[in-house]
Amino acid sequence: MKRVMLSAAIIAVMVVIGCKNEAKTNNETVQTEEANEIAMANLSFGVRGNCGMCESTIEKAANGVEGVVSAEWGVDKKKIDVSFDDSKTNELAIHSAIAAPGYDTDKVMGDIEAYDTLPGCCQYDHEMAMNQSGEENHAGGVSLSNTIFQ
Ligand SMILES: [Cu+2]
């Protein structure tokens, strides 16, 4: 009879330890998910370009950066909206990726040799105002609105 009691006690202890371990694992999983959400950043900045072909080149360049989740460039405002995982890449890497095929951003000048090989219709004016609000604003020119938020 004593042996049976002892066995029951050992089983009870093991069950308690088992539950504690399980609870701990669940907490760790939740923390990892929170960390992933915090790492997402949104960014908008000016990029010069003329047409739909420019749009696909600019967006392809931005999307080619590891960690970029989405990139949308608008021909009217000369502005790109990018969502990215800021644990994998950063603002300057995205600007540089767009500059590589020849496009000016408001932080990095487009590669000059790449610009020269762009189709004629895509060889935008280097004086073009970028990151436009959509309203006429010749006096203001470039306005920086690089807000990174979660
Ligand atoms: Cu173009």
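The legends below describe several close-up views of one predicted protein model.

Residues are numbered from 1 along each chain, in the order in which its sequence is written. Because the model is predicted, local features need a pLDDT of at least 70 and side-chain atom pairs count only at pLDDT 80 or more, whereas totals for chains, interfaces and linings use all residues.

**View 1. The overall order of helices and strands.** The secondary structure of the protein comes to four helices and three strands, where helices (H or I, at least four residues) and strands (E, at least two) are DSSP runs numbered from the N terminus. Followed along the sequence, these elements give the pattern α-β-α-β-β-α-α. Of the 150 residues of the protein, 22% count as buried; a residue is buried if 20 or more other C-beta atoms lie within 10 Å of its own, exposed if 12 or fewer, and partly exposed in between, with C-beta atoms placed from the backbone. Among contacts between residues at least 6 apart in sequence, 60% join residues at least 24 apart, a contact being a pair of residues whose C-beta atoms, placed from the backbone, lie within 7 Å.

**View 2. The open sheet of three strands.** The three strands form an open sheet in the order β1-β3-β2, and the pairing is antiparallel; two strands pair if DSSP finds at least two bridges between them. β1 and β2 stand at the edges, each with a single partner strand, so one side of each is left without a neighbour in the sheet. From one strand to the next the twist averages 10°. Seven bridges join β1 to β3, and Asn42 has Ser83 in β3 as its bridge partner.

**View 3. The hairpin of β2 and β3.** β2 and β3 pair in the antiparallel sense over six bridges, and together they form a hairpin with four residues between them. Within this pairing, Trp73 has Ile80 in β3 as its bridge partner, while the partner of Gly74 in β3 is Lys79. In the turn, Lys78 has a positive phi of about 55°.

**View 4. Leu43 in strand β1.** Leu43 has its place in strand β1, and with 22 C-beta neighbours inside 10 Å it counts as buried. The C-alpha atoms of Leu43 and Ser83 are separated by 6.4 Å, although the two residues are 40 apart along the chain.

**View 5. The largest nonpolar core.** This core has 20 residues, of which Val47, Ile58, Ala62, Ile80, Val82, Ile94 and Ile98 touch the most other members; a nonpolar core is a set of buried Ala, Val, Leu, Ile, Met, Phe, Trp, Tyr and Cys residues joined through C-beta atoms within 7 Å. At least two residues of this core are supplied by each of β1 (40–46), α2 (52–63), β2 (68–74), β3 (79–85) and α3 (91–99). When residues up to four places away in sequence are not counted, Ala62 touches Val68, Ala71, Ile80, Val82, Ile94, Ala97 and Ile98.

View 6. α2 and α3 pack at an angle of about 140°, with their axes 8 Å apart; axes are lines fitted to C-alpha atoms, for helices over the stretch in contact, and angles run from 0 to 180 degrees between N-to-C directions. The two helices are therefore oblique to each other, since angles under 35 degrees count as roughly parallel, over 145 as roughly antiparallel, 65 to 115 as roughly perpendicular and the rest as oblique. Ile58, Ala61 and Ala62 in α2 meet Ile94, Ala97 and Ile98 in α3. α2 also lies across β2 and β3, running at about 160° to β2. In α3, the residues Ile94, His95, Ala97, Ile98 and Ala99 are buried, and what covers the buried residues of α3 includes α2, β2 and β3.

View 7. Lys107 has its place in the loop between α3 and α4 (112–116), and with 16 C-beta neighbours inside 10 Å it counts as partly exposed. Leaving aside neighbours within four places in sequence, Lys107 is in contact with Phe45, Leu92 and His95. The C-alpha atoms of Lys107 and His95 are separated by 6.8 Å, the two residues being 12 apart along the chain.

Terms used. Two residues are in contact if their C-beta atoms, placed from the backbone, lie within 7 Å.
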